[in-house]
Structures are given as structure tokens and as C-alpha cells.
Amino acid sequence: MKRPFITAITGVICCIAASVFTSNASAPPDTPEGRARLKAKEAQLKELRDYTDSTVLSQSYRFIPNALEQLPGSGRFNFSDPTCELIVSEDNILATLPYLAGVVEPYEPVMMEITGPVSDDYRAELKDDKWEITFSSSDVGPVKYRFILTVSRDGGMSQLEVKSSDYPTVIYYGHFTAR
């Protein structure tokens, strides 16, 4: 009795899924509707790339992380904290970023707070349709941090790698936006 019922339910779900995918299918590119949709999508992508390019070149942006991975091999940890961010202006940075203290589990979450000037080695290079932004900064003490921010031009996820000789390397995953 259960098997025919499960088979019937599975059939109904498959029919619904097929109708959803069929109704959401885009018009073929060789039709006027398809060409118009493709042209609109290309214009939207160009606008997004122009926005990303101008934001990177303005040196006035924010990176908002939502996951971190501490090397070597701590695994990826998702989090949601509106106070965590990297803010870069023309000559200063403000970084409030979590990291994991400890060598083995259980790790202790700690906030890294860095404020100060961006060093003269600030560089933004376009590589393979992604921006790679590198710069250094020091906090109040003698610790020097190296930041490598990789930003996708098409609005995808961004990645921030923070290196220091005194702390483990941390990779953050999140979103890039204008300040």
C-alpha cells in the first residue's frame, strides 16, 4: 500500500518540477525575445563590472565577511556579525575581523581590530576578470599584516586573505561593496 502511494507522490513532484523548469526556460537566442533578453543580461553585467571597477579604483570600499577559514586546515566556519568588516579609504583601513585562537579544537573566537594607514605598497591589478588588491598595514604594535583581497567583477563572492608572521593566515569569504 505504501509503495504505490510513494510512487504517485514522486510522479506528481516530477511533473511539477518539469513544468516549473519548462515555464522558466528562456527563449532561444535566435528569436527576438531571446536576443532582447541576452542583450539586457549583457548590459546588466557590463554595469556591474563598471561599478566594481570604479569602486576598486576609488580606494573607498567595504568587505563584509560571512565565513572564515584559518590555515592550516581549520575548516570553514560561517558566521553572521554586522560588526565584522574591512573598510578601506584612500589612506586608512579599519579591520574588525574574527579569527580563531588556539592550535587545536576547541578554538576560541577572538576579534582582530586593526586601524591605521595603508602602506605605500597598495596595488590593485586586474587578473583573469578579477581584481587582486594587495596592501599592508600595522596595528598599534609592531605586527605587520598583509592583505590580499580578490574581487570578482561580476558581483560574486570575494575573498580576503590576511597574513602575518605572528598569527596564522586567515581567509575570509564575503561581499565587496562601495563605502
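Are Phe135 and Phe147 buried or exposed? Phe135 is buried, and Phe147 is buried too. The views below come from a predicted model.

**View 1. Phe135 stacks on Phe147.** The ring centres of Phe135 and Phe147 lie 5.0 Å apart, with the planes at 15°, so the pair counts as stacked. Planes under 30 degrees apart meet that label. Phe135 sits in strand S7 and Phe147 in strand S8 (residues 144-152). The two residues are 12 apart, and their pairing links distant parts of the chain.

**View 2. Tyr122 stacks on Phe135.** The model holds 4 aromatic pairs. One of them joins Tyr122 and Phe135, stacked at 5.6 Å centre to centre with 25° between the planes. Tyr122 belongs to the loop between strand S5 (108-117) and strand S6 (123-127), while Phe135 belongs to strand S7 (residues 130-138), so this pair ties together parts 13 residues apart in sequence. Both Tyr122 and Phe135 are buried.

**View 3. Four rings form one aromatic cluster.** Its members are Tyr122, Phe135, Tyr145 and Phe147.

**View 4. Phe147 and its contacts.** Setting aside residues up to four places away in sequence, Phe147 touches Leu86, Ile93, Ile114, Ile133, Thr134, Phe135, Ser137, Leu160, Glu161 and Val162.

**View 5. The largest nonpolar core.** This core has 28 residues. Those with the most contacts inside it are Leu86, Phe135, Phe147, Leu160 and Tyr172. At least two core residues come from each of strand S1 (61-70), S3, strand S4 (92-101), S5, S7, S8, strand S9 (158-164) and strand S10 (170-178). S4 gives the most, with 5 residues. In soluble globular proteins, nonpolar side chains tend to be buried together.

**View 6. Helix H2 from end to end.** H2 covers residues 32-58, 27 residues in total. At 1.5 Å a residue it should span 39 Å, and its end C-alpha atoms are 39 Å apart, so the two values agree. Buried in H2 are Gly34, Thr52, Asp53, Thr55 and Val56. Just after H2, Gln59 takes a positive phi of about 55°.

**View 7. Ser80 in its loop.** Ser80 lies between strand S2 (76-78) and strand S3 (85-88). Its relative accessibility is 73%, so Ser80 counts as exposed; the cut-off is over 50%. Ile64 is 16 residues from Ser80 in sequence. In space, the C-alpha atoms of Ser80 and Ile64 are 9.7 Å apart.

Key:
Residues numbered from 1 in each chain as written. Predicted model: local features only at pLDDT ≥ 70, side-chain atom pairs only at ≥ 80, totals over all residues. Heavy atoms only, no water. Helix = DSSP H or I, 4+ residues; strand = E, 2+ residues; numbered from the N terminus. Buried < 20%, exposed > 50% of the residue type's maximum accessible area, 1.4 Å probe, protein only. Expected span 1.5 Å × (residues − 1). Phe/Tyr/Trp six-rings, centres within 6.5 Å; stacked < 30°, edge-to-face > 60°. Core = buried A, V, L, I, M, F, W, Y, C linked by side-chain atoms within 4.5 Å. Contact = heavy atoms within 4.5 Å.
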